[in-house]
Amino acid sequence: MKRSMAALVLALATVFAAGSCNETNTTFQRNTGALLSFLSPADANAGGGDFTLTASGAGFVEKTVIQWNGKSRTTTFVNSSQLTATISASDIASPGRVFVNTLSPARYSNDNGLSTPLAFIIGPALNPVPAITSISPTSATACGVSCAGVTVTLMINGSSFLPKTDPSGGSVVHWNSGLIQSDLSTTAISAAQITATVPGNLISAAGTATVTVFNPVPGGGTSPNGQPFTINPGPIAAHDVAEDSPAMSADGRYVAYTGVEGDHSQIFLRDTCEGADSDCQPRTSLVSAAEDGAAGDGDSRSPSVSADGRYIAFSSAATNLRKEAAPGRQVFLRETCLGGAASCKPATQLISTDANGALSGTENLLPSVSASGRFVAFLSVTPSRATPKAGAKGAASTSTAPNSGYRQVFVRDTCIGGANDCTPRTTRISIQPGDAPAAGARTKPALSGSARRLALAGRDATLFTRGTAVDDSVFLALIDSKQ
């Protein structure tokens, strides 16, 4: 046992002896100065300016100085537990690590006056916040359903843009449209200019987008001065003026109109922000849209707007708005969710429908919506398939097809905002005989705000339960619709 203890003491002595000698077999002297506990700040980013470094600890005296990588800095003695010194921008010009310690006057022969050093970290330089001064072009024409291969080259001018070779990945161009943000691909970036590409799917519909530039961390941020980019609807085609007349909400804030986008006319809704809060931003949205947001694949016309602008009725030959819609022009009602709950989702429903199939094979057009959006009146035309009977000179054409040759007015109760037991239904209001309605004049019925009055043309050949003549060609029908 005694021999074992002697061996252990000898081993420990050897370890301590080795720990006090360096590789050249000279003896280190431990630091004997003040106690340095922590630094404030303990780090900085390269490229920053001058700053004040505070050293905290114990045992500082008036002649104690702060050393930066072994070099003394002009130091202010605060008290025995705190010192301050100014660190210059040149001291943190490059990323890396430096050591900070304090040096106090020697008090005896073996006193080196040094404290234990603390590491100070110099991180990468902070990226600047970019700024945009202008973009070119500032507008484009909506490409509609013909956007394949369509692009717009966008030049963005400004400052503090970062190239793709930057360690952070470089500047990113954001295209902000409503609540959707997309990143544009960039082909060239200099400090003052970015060349970006806008794909066709981002300019398929009329509206306004905002272009911003984002610099990634460290530092960085989004340019505070986003630039607007306007997507204009295509030119209005020379269609029937009555079908393409604009419509607006009761207060005049919302205006629905027909515009050509790509190969087809579409219905758009413009929020003018008239009478709205000051933070309102005017914008244009596509009304004749499919469930996935795509524009209608056929011509859409004749918008009619509810009093609050939330519901838009229109006719369309598009086949992608509702799967159950029959071929030919149909009447639809678009719920825009304007003024609706946050959970509301824009949707389109088919209006020109009848559970009994009475509207099958008809052309439906010229809708008129009530103030609340619940009732929609429209004109339904059945193309004539009649041929004159043999040997009947001057006889009127006849047809065996149901309702053939008739212009009819229907009112659809959608049950929007109605009682819980309400069932959507379509009611026929008038019958006007005629053998070639598709080639004749088409007149739009006008539904009152309460949906209890309906004005339409064709007094002499129209059947009503109750009504009154306005003049020789206009009739006011009294219908039983309650909201």
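A disulfide joins Cys-415 to Cys-422, with an S to S distance of 1.8 Å; here a disulfide is a pair of cysteine sulfur atoms within 2.5 Å. By this rule the count comes to three disulfides. The model is predicted, so local features need pLDDT of at least 70 and side-chain atom pairs count only at pLDDT 80 or more, while totals for chains, interfaces and linings use all residues. Residues are numbered from 1 along each chain as its sequence is written, and side-chain values use heavy atoms, with hydrogens and water left out.

**Disulfides**

- The torsion about the S-S bond of Cys-415 and Cys-422 is about -75 degrees, so this disulfide is left-handed.
- Cys-415 is buried, with a relative accessible area of 14%; buried means under 20% relative accessible area, exposed over 50% and partly exposed in between, using a 1.4 Å probe and protein chains only.
- Cys-337 and Cys-344 form another disulfide, and their sulfur atoms lie 2.0 Å apart.
- The link of Cys-337 and Cys-344 is left-handed, with -75 degrees about the S-S bond, and Cys-337 is buried at a relative accessible area of 13%.
- Cys-273 and Cys-280 are also joined, with 2.0 Å between their sulfur atoms.
- For Cys-273 and Cys-280 the S-S torsion is about -70 degrees, so this disulfide is left-handed.
- Both Cys-273 and Cys-280 are buried.

**The β27-β28 hairpin**

- Strands β27 and β28 form a hairpin with five residues between them; strands are DSSP runs of E with at least two residues, numbered from the N terminus.
- Gly-373, in the turn, has a positive phi of about 90 degrees.
- Five bridges join β27 (residues 363-369) to β28, and the two run antiparallel; strands count as paired if DSSP finds at least two bridges between them.
- Asn-364 stands opposite Ser-380 in β28.
- Why is β28 (residues 375-381) largely enclosed by the rest of the structure? Seven of its seven residues are buried, so the strand is largely enclosed.
- In a regular strand the side chains alternate between the two faces of the sheet.
- Both faces of β28 are covered, with Phe-375, Ala-377, Leu-379 and Val-381 buried on one side and Val-376, Phe-378 and Ser-380 buried on the other.

**The four-stranded sheet**

- An open sheet of four strands runs in the order β19-β20-β21-β22, with antiparallel pairing.
- Its edge strands, β19 (247-248) and β22 (283-286), each pair on one side only.
- Strand β21 (residues 264-271) is joined to β22 by four bridges, the two running antiparallel.
- Phe-268 stands opposite Leu-286 in β22.
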